[in-house]
Amino acid sequence: MTPAVATAAIEDFQRTFAAVRAEMARVVIGHEQAIEAILTAFFAGGHVLIEGVPGIGKTLIVRSLAEALNLSFNRIQFTVDLMPADITGTRIINESPSGRRELVFVPGPIFAHLLLGDEINRATPKTQSALLEAMAEQQVTVAGTSHRLVSPFFVLATLNPIEMEGTYQLPEAQLDRFLFKVLLEYPSESELVRILGTTTTADPPTVRPVLDAERAPARAEELKRLVREVLVAPHVEHYVAGLVRLTTPAGARGDGEAEVDVRRYVTYGASPRGAQALVLGAKVMALLDGRPHVTYDDVDKIAVPALRHRLVMSFAAEAAGVAPADIVERVLLAARRLRS
Amino acid sequence: MPELTPTGAVDSVQRQVRRVRRRKNLYELQRALYLTVAAGAGAATILLPFALFAAAEVFAIAAWSMLLIVTGIVLLLAGAARRRWLARRTTVVWIETSGALGGRLRTLLELAARPAGKPGFFHALLVAQIGRDLETWTPRRLVPRGVPRVALASAVVATVLLAVLLRLASLAGPAVPNVITSDEPGGRAGAPADTTTGERVVVAPGVPQRGGDHPDPTSDGAGTGDDDSMLTRLPSALQENVRQQVWGKAWERVRDALARAGTSSGGSRSHDTTTEYGDESGIDADDNEEWEIARAPSGEMTRRRRPGIGRQPAARGDDGTAEATNADAANRPTAGNGGSDDGEGGGGAGNGTSPGDLFGAASVDGGPANDSFELSLAARMRADRTGARRGAGRAPDPDADARPELAADQRRESAAHRMAVPAAYETVVREVFAHRRTESEQP
């Protein structure tokens, strides 16, 4: 591959990324960092867990993303009576024109490029686990038959941090399958004014597709493959490994402030999936910066969204009001000594 | 700069990395070396006046202090050089940082070190970027100067200062002590009036220092007393060496004069006579003091005596001021003892200034035919430096001269000074000067 082709590929990625972000910004006021994290996770091939209070724009973000990428989009409102088959699909008896009856698989809403699982914590663990296989292996198994999901497949699940009654905490295994966890904050006053000005008119703004409808899935997959081609040197891999090890109580053996906090507040640290998320996210960051290789700073940029939902905090942390993101920030500071 | 190809990129980059590393390390090596030279020369510049003009104790303190300071500076320089030294592992990191390469160079080299595999999609682009950046991290650009100018200038300035100081010091040679010989005890024949009253010493040739060895003027520091360890003697030896190197013959003349004087006039020291006897290091504080030695009533007659019998310095003015020649100084390696091992007499030994002038005029060479015998003789007289001058010709206290151990030791060494005594007086003389222990040891 010639340097010119590689350079053109990077520029194409940057243009596409910027165009999608710009289109989403037309309808989503604020949340720039959240949008960038979501796009990063999409191109890195991961899934995103969004946490925010109701009415803050979670669904709008996902819908805008789907429209901008010109990909298929489904939404599942998770409730306590939602069954796994409601997500994956089921087999029904179908009578052919010849009169023959046979079981036919009817795909569920999970068969879409973009899936919004709204308030995923309101479903039972059994239903939540229906997403596990789909998220990890991009396939579902119904009645012993595996069905491949479409590509690209991107899950955006939302969590409502309030109204916790009647909810089921997501199991750690499922949390670990999300590449990033993004927190949506309340918009600022100026952003709120802009929201009022754009959404309450007779002609609200709409998202224009960035990718061609027919080639959108292939283009998205192409861009995702490009991300995987980004070079990662061993020293960056060592840095990521050390960073992840520092988030675990067993790995935080030093006497530094971060290590002490990890031992005190963290019960379980980040998993190897966390390290993978760091590298994949860093690759997107490198491409966005026009580089064919990953640096330390790329890793640091996406460390918080990639690691904060992977830390299982202790009761001491809850009592002290220490959030996982705080621990990640401290670990990042401590991990600077790993740069060599 | 030719464009890099993916296949040869790593080799080209590694060669340039090695060149950068060599230049950087050479620079740091020079820097450490020049600064070390500057520190050493600066320390020597500071120490030189102490070595030339200060007392031994002051010089010792200054020398050890400077040694500590210089050692600390050298350690700091070594530590700094070690931190700046580019190891093979850290060279690429330093280049990345210095050249603001953004991790490209390190990525390429580390990935190249991995087992060979299919080149990645972006490998060619990375190589192209590094090839484009080769000019930005050339050895000359990362290490602009081949020579650390500040360090070199420091070394040159310090060295020049030291050289200038050495030259000035050699020009300002030491004043030769005015060694005065006098027929009269405590007398100052031909010497200008001086309010100071030095000790008057009649050097007994062959009298050993405490412990039986001849004193070494270059090895014993003043005031060291019985502590003659290497660390204690080192500053004095260094000081002596510096004076010898800087002042050369001038210092030899001073040392020779001091040697002939046998002891300095610095009477404020509290050491016993034997220790001060061979001590030169304290003399420098009183360069202009006069030295007195007793001599024979008639110098002419003494000089005419045969060699080995009370030989006086070769060159001596009529006014009584003696100035030894170089050859004479060379024949006196053991300064302060007033004589050497070859039987040469001290400056005032056997010259008739002993109490009572016991022997009178020396006879010719003794032998059985002349009916005389030879007796090694050493007597010492010392005048108070600050007290009232004794009257000329006044005999020292008997106790001070009654030093039978001198005679014993002298006999054991060698008959350094002989006087021919008529045989008729042999019994009396032997009884007076013979050491009891020696006599008791005789069969």
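Predicted model: local features only at pLDDT ≥ 70, side-chain atom pairs only at ≥ 80, totals over all residues.

Guide: Residues are numbered from 1 along each chain as its sequence is written, while chains are lettered from A and ligands numbered from 1 in the order in which they are written.

Visitor: In what order do the strands of the open sheet in chain A run?

Guide: Strands here are DSSP runs of E with at least two residues, and helices are runs of H or I with at least four, numbered from the N terminus. Two strands pair if DSSP finds at least two bridges between them. The edge strands, E2 (73-77) and E9 (180-183) of chain A, each pair on one side only. With parallel pairing, the order of the five strands is E2-E5-E8-E1-E9.

Visitor: What angle does helix H3 of chain A make with E5(A)?

Guide: Axes are lines fitted to C-alpha atoms, for helices over the stretch in contact, and angles run from 0 to 180 degrees between N-to-C directions. Contact means that C-beta atoms, placed from the backbone, lie within 7 Å. H3 (residues 58-69) packs on the sheet and touches E1, E2, E5 and E8 of chain A. Its direction and that of E5(A) make about 175°.

Visitor: Is Val304(A) buried or exposed?

Guide: Val304(A) sits in helix H13 (residues 303-307) of chain A. A residue is buried with 20 or more other C-beta atoms within 10 Å of its own, exposed with 12 or fewer, and partly exposed in between, with C-beta atoms placed from the backbone. Because Val304(A) has 20 other C-beta atoms within 10 Å, this residue is buried.

Visitor: What percentage of the residues in chain B are buried?

Guide: Chain B's secondary structure comes to 16 helices and five strands. Of its 443 residues, the buried ones make up 38%.

Visitor: Which helix supplies the largest share of the side of chain B that touches chain A?

Guide: The contact takes 15 residues from chain B and 16 residues from chain A. On chain B's side, H4 (104-113) and H5 (123-133) each supply at least two residues. The largest share, five residues, comes from H4(B).

Conventions
Contact = placed C-beta atoms within 7 Å.
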